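Here are my notes for your first read. Please keep the structure open beside them and check each point as you go.

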Amino acid sequence: MSVSLVILAAGLGSRMNSELPKVLHRIAGAPLLAHAMRAGATLEPERVVVVTGHEAAKVAQAARMENPDALIAHQAEQLGTAHAVAQARAALEGYSGDVVILYGDTPFIRPETLEAMLEARARHAIVILGFDAADPGRYGRLVMAGDRLDRIVEYNDANDQERAITLCNSGVICTSAEQLFELIDAVDNKNAKGEYYLTDIVAIARDRGLSAGVVTCSEAETLGINTRAELAAAEATFQARTRAEALENGVTLTAPETVFFALDTIIGRDAIIGPNVVFGPGVTVESGAEIRAFCDLEGCHVSRGAVVGPFARLRPGTELAEDVRVGNFVEVKNAILDAGAKVNHLTYIGDAHVGEHANIGAGTVTCNYDGVMKHRTEIGAHAFIGSDTMLVAPVRVGANAVTGTGSVITEDIPDGALGIARARQETKPGLGLRLMERLRAIKARKG
Ligand code: UD1
Ligand code: MG
């Protein structure tokens with residue numbers, strides 16, 4: 001049976017107290033929406049429909065960033081969850097498989113849970129994801145009749161007896177596309193909130209002789225984000241879980257609680273990650289590489305045997321080949337460093353290619369930006385860049401070439417040549433001593 005996703009992301013999330021729509025707030029470097037989409041993506045959905053409303057253009061952009069094939073449905077007014085799902089009808093035209101409905105603000109649903117829901121569809125027309133709430137608060141309550149779900153009652157419409165139920169609705173629902181839209185057509189808004197409740201489809205289905213069932217998960221899994229405090233707590237939950245997974249997968253974390261991962265960070269077995277390392281989006285670290293303390297990495301690849309840091313920053317487009325060394329206070333951006341290259345101290349390498357076993361001296365800067373455009377620097381294999389060299393791009397330093405310390409290199413240096421570009425030193429005998437005496441005399445006169 002094929003599956004499609006409908007992800008509800010039209011709400012503003014007023015309790016976030018933000019200009020940004022709620023689903024674009026980030027956990028682990030990725031919008032909440034991307035987390036929900038990624039969880040659903042493991043079902044290999046045929047179609048993915050994201051229902052947008054508040055800041056629709058921005059939300060649609062984030063959806064397409066995560067999945068370029070995502071279909072966007074627009075809900076101009078937020079009249080309730082059933083109304084939101086109804087907006088996906090056109091995008092699901094001609095589709096006849098199952099539909100899983102997710103919320104864009106619920107980032108932690110596990111793929112295994114969604115699989116279990118699809119399996120339960122063999123027994124029920126509608127499958128609801130429920131959870132046993134420690135504090136059921138304002139969640140919709142699942143009213144069971146034996147092992148079947150009889151109906152869902154929203155908190156505002158529930159009586160005391162129903163409010164005492166702790167089995168709650170997560171919002172995740174699975175049914176067939178055909179049934180979904182037939183049932184939604186029958187939903188009205190005669191309730192406490194005057195909204196079209198998606199949850200009403202359960203009782204409507206029952207009246208039509210269709211059964212609904214419940215699959216349960218932990219409360220942590222269905223955690224929805226409504227406030228900044230919940231966002232921070234969710235970040236902590238994500239990080240704790242990801243650190244535990246990394247340790248489990250054979251990654252050494254010296255101080256796990258100080259390492260921060262992105263949603264898509266990939267770290268190989270036997271990599272060593274020191275304290276206070278932050279992984280932004282798009283980082284892969286191969287087996288056996290070492291990231292030492294206080295590094296910040298984003299959009300980069302670190303190969304086997306490479307050692308990075310302490311105190312290094314790898315920005316997007318950085319590729320470190322095997323056994324590369326990037327040391328303290330080094331920034332690398334959009335640059336490929338071939339095997340065995342060394343950039344050990346106080347250096348900026350941007351828009352560059354560094355050949356294998358090249359050695360970049362302390363204080364080297366690739367001057368890649370002229371204020372308008374970016375230019376490339378090419379450094380050949382086994383080149384030796386003297387300390388404090390300014391490489392004014394576009395410029396090429398050949399293989400086995402050398403630059404003199406303190407040079408400002410503006411012209412290409414052929415293979416094996418020495419490029420030196422600095423004022424020649426003058427030495428004046430005795431002048432140092434005389435200069436100091438004169439300065440001390442001036443100071444004494446001033447009192
Ligand atoms: C909903 C459920 C409730 C469940 C709870 C779980 C209904 C009627 N109630 O209640 O049973 O326990 O979620 O968190 O479904 N949305 C739209 N368009 C709308 C309305 C909502 O896109 O017109 C989106 C929201 O952005 C949000 C999600 O749907 O992502 C849920 O909406 P929300 O208003 O939070 O529903 P609850 O009242 O929490
Ligand atoms: Mg809610």
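Which backbone nitrogen lies 2.9 Å from a polar atom of the side chain of Thr 403? Point 1 takes this up. Remember throughout that this is a predicted model.

1. **Thr 403.** The backbone nitrogen is that of Gly 386, and the distance to a polar side-chain atom of Thr 403 is 2.9 Å. The side chain of Thr 403 also makes a polar contact with the side chain of Thr 389, again given as 2.9 Å. Look for Thr 403 in strand 31, which covers residues 402–403. Thr 403 has a relative accessible area of 2%, and buried means under 20%, so Thr 403 is buried.

2. **Gly 406.** Now find Ser 387. In sequence, Gly 406 and Ser 387 are 19 residues apart. In space, their C-alpha atoms are 6.3 Å apart.

3. **Gly 380.** Here is another pair to trace. Gly 380 sits in the loop between strand 27 (377–379) and strand 28 (384–385). Its relative accessible area is 13%, so Gly 380 is buried. From Gly 380 to Ile 413 there are 33 residues in sequence. The C-alpha to C-alpha distance between Gly 380 and Ile 413 is 9.9 Å.

4. **The ligand site.** Where does ligand 1 sit? Ligand 1 sits in the largest pocket. The shell around ligand 1 draws two or more residues from each of strand 1 (3–9), helix 3 (81–86) and strand 10 (167–176). In total, 20 residues surround ligand 1. The closest are Gln 75, Gly 80, Thr 81, Glu 154 and Asn 169. By type, the shell holds eight nonpolar, nine polar and three charged residues.

5. **Polar atoms at the ligand.** A polar side-chain atom of Glu 154 lies 2.7 Å from one oxygen atom of the ligand. For Gly 80, a backbone N or O atom lies 2.9 Å from an oxygen atom of ligand 1. For Gly 140, a backbone N or O atom is likewise 2.9 Å from an oxygen atom of ligand 1. How much of ligand 1 does the protein bury? Taken alone, ligand 1 exposes 740 Å², and the protein buries 82% of that.

6. **Helix 1.** Is helix 1 largely enclosed or largely open? Helix 1 covers residues 32–41, and eight of its ten residues are buried, so the helix is largely enclosed by the rest of the structure. The buried residues are Leu 32, Leu 33, Ala 34, His 35, Ala 36, Met 37, Ala 39 and Gly 40.

7. **His 25.** Find His 25 in the loop between strand 1 and strand 2 (26–27). His 25 counts as buried because its relative accessibility is 6%. The side chains of His 25 and Ser 18 are joined by a polar contact of 3.0 Å.

8. **Backbone points to check.** Start with the background. Most residues other than glycine have a negative phi, and most peptide bonds are trans.

   - Glu 55 is not a glycine, yet it has a positive phi of about 50°. Glu 55 is in the loop between strand 4 (48–52) and helix 2 (56–66). At 37% relative accessible area, Glu 55 is partly exposed.
   - Asp 323 is not a glycine either, and its phi is positive, about 65°. Asp 323 is in the loop between strand 22 (318–320) and strand 23 (325–337). With 43% relative accessibility, Asp 323 counts as partly exposed.
   - Gly 309 and Pro 310 are joined by a cis peptide bond, with omega about 5°. Pro 310 is in the loop between strand 20 (307–308) and strand 21 (312–314).
   - Ala 393 to Pro 394 is also a cis peptide bond, with omega near 5°. Pro 394 is in the loop between strand 29 (390–392) and strand 30 (395–397).

Note on methods. Residues numbered from 1 in each chain as written. Chains lettered and ligands numbered in written order. Predicted model: local features only at pLDDT ≥ 70, side-chain atom pairs only at ≥ 80, totals over all residues. Heavy atoms only, no water. Near = heavy atom within 4 Å. Polar contact = N/O pair within 3.5 Å; in protein donor to acceptor, adjacent residues only side chain to side chain. Areas by Shrake-Rupley, 256 points an atom, 1.4 Å probe, with all protein chains shown as cover. 1 Å grid on protein atoms, 1.4 Å probe; cavity = no way out; pocket = protein on both sides within 12 Å on 5 of 7 lines; lining within 4 Å. Sits in = over half its atoms within 2 Å of the grid points. Helix = DSSP H or I, 4+ residues; strand = E, 2+ residues; numbered from the N terminus. Nonpolar A, V, L, I, M, F, W, Y, C, P; charged D, E, K, R; others polar. Buried < 20%, exposed > 50% of the residue type's maximum accessible area, 1.4 Å probe, protein only.
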